[in-house]
Amino acid sequence: MIWTNNLSIEGSPLKVVMGIVVFLLLMFIMVPLLALFLRITPGEFVDALSNPIVTEALTLSLMTALVSTIIVIIAGTPVAYLHARSHYPGKEVIDSVIDLPIVLPPAVAGIALLMAFGRYGLIGAYLNEVGLSIAFTTLAVIFAQIFVSCPFYIRQARAGFEAVDRSYEDASRTLGAGPAATFFLVSIPLSLPSLISGAVMTFSRALGEFGATIMVAGNFPGRTQTMPLAIYTAMQSDLNAALSLSIILVVISFGVIVIVKFFSGRGVYRC
């Protein structure tokens, strides 16, 4: 059998079949999204933005997602760097645990958080004794968002740190810079595109979190009702509000994809 490096499908039936499959797949994705925008007029969309359900959910979602992202960046950056630069027993197991929320069903994540931080939970019971309640509060929303979104940042940040040429860090150390100075002045700037794309993905994942949030935080307007929860609630009484929130999330999600592709294409900064 003779193998060739260049497989040409020009003019072949395979090319036609592949074209049809691509078209059908694009239509399957685009038609439902297009239906969102066609189902509501611009005037109805603007009017829905003044609906308290929309404004409260939008404000709460943006605030909690931003706080969650900041916390993930602060805690996740050193973790990602450690995993990119160190080898120790059990590293693969820890990596698997960090990645687990990505594949874990949201409902399972929610009930796990509730069993840990609920009033009678593993940790929540002790916190409740000192008057600190987490479950069904805005803080629970942030906990849920951090839990489900942190792997996205850590994975992307780790890839960024691994792509940095260690000779730059070694040169920094040779010139007298300590580990902390090298980390902040060399490693982070060189891996900044990956860190930014990871942060953007984390923010988007936190913004769209539903399952874990409703389990551990509930669905209380103005306190725990984020945009996905508001969409679920508004579908029963105010379709325009649900459509408006959905459109906002679609636009944000598309923007996230564009930003991530931009920074992923740039890779890491080089000296």
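In which helix is His83 found?

His83 belongs to helix H3, which covers residues 52–85; here helices (H or I, at least four residues) are runs assigned by DSSP and numbered from the N terminus. The model is a predicted one, in which local features need pLDDT of at least 70 and side-chain atom pairs count only at pLDDT 80 or more, while totals for chains, interfaces and linings use all residues. Residues are numbered from 1 along each chain as its sequence is written, and side-chain values use heavy atoms, with hydrogens and water left out.

Because its relative accessibility is 3%, His83 counts as buried, where buried means under 20% relative accessible area, exposed means over 50%, and partly exposed lies in between (1.4 Å probe, protein chains only). If neighbours within four places in sequence are set aside, His83 is in contact with Tyr88, Lys91, Ile94, Asp95, Ile98 and Arg158, contact being defined as heavy atoms within 4.5 Å. Met30, by comparison, is 53 residues from His83 in sequence and 39 Å from it in space, C-alpha to C-alpha.

## Aromatic pairs

A search of the whole structure finds 7 aromatic pairs. Rings of Phe, Tyr and Trp (its six-membered ring) pair if their centres lie within 6.5 Å, and planes under 30 degrees apart count as stacked, over 60 as edge-to-face and the rest as tilted. The rings of Phe117 and Phe143 are edge-to-face, because their planes stand at 85°, and their centres are 5.0 Å apart. This pair links distant parts of the chain, since Phe117 lies in helix H5 (residues 106–117) and Phe143 in helix H7 (residues 138–163), 26 residues apart. With 26% relative accessibility, Phe143 counts as partly exposed.

Phe136 and Phe220 also form an edge-to-face pair, with ring centres 6.5 Å apart and planes at 85°. Tyr81, Phe161, Phe183 and Phe184, in turn, form one aromatic cluster.

Phe136 is found in the loop between H6 and H7, and its phi is near 65°, a positive value in a residue other than glycine. Its relative accessible area of 35% makes Phe136 partly exposed, and Phe220, at 34% relative accessibility, also counts as partly exposed. The charged end of Arg223 sits over the ring of Phe220, 4.4 Å from its centre; a charge sits over a ring if NZ of Lys or CZ of Arg is within 6 Å of the ring centre and within 35 degrees of the ring normal.

## How H5 meets H7

The axes of H5 and H7 come within 11 Å and cross at roughly 125°, where axes are lines fitted to C-alpha atoms, for helices over the stretch in contact, and angles run from 0 to 180 degrees between N-to-C directions. That angle makes H5 oblique to H7, because angles under 35 degrees count as roughly parallel, over 145 as roughly antiparallel, 65 to 115 as roughly perpendicular and the rest as oblique. The contact is made by Ala109, Leu113 and Phe117 of H5 together with Phe143, Ala144 and Phe147 of H7.

## Thr213 in H11

Thr213 has its place in helix H11 and is buried, with a relative accessible area of 0%. Apart from neighbours within four places in sequence, Thr213 is in contact with Val141, Ala144, Gly218, Thr224, Thr226 and Leu229.

How values were computed
Helix = DSSP H or I, 4+ residues; strand = E, 2+ residues; numbered from the N terminus.
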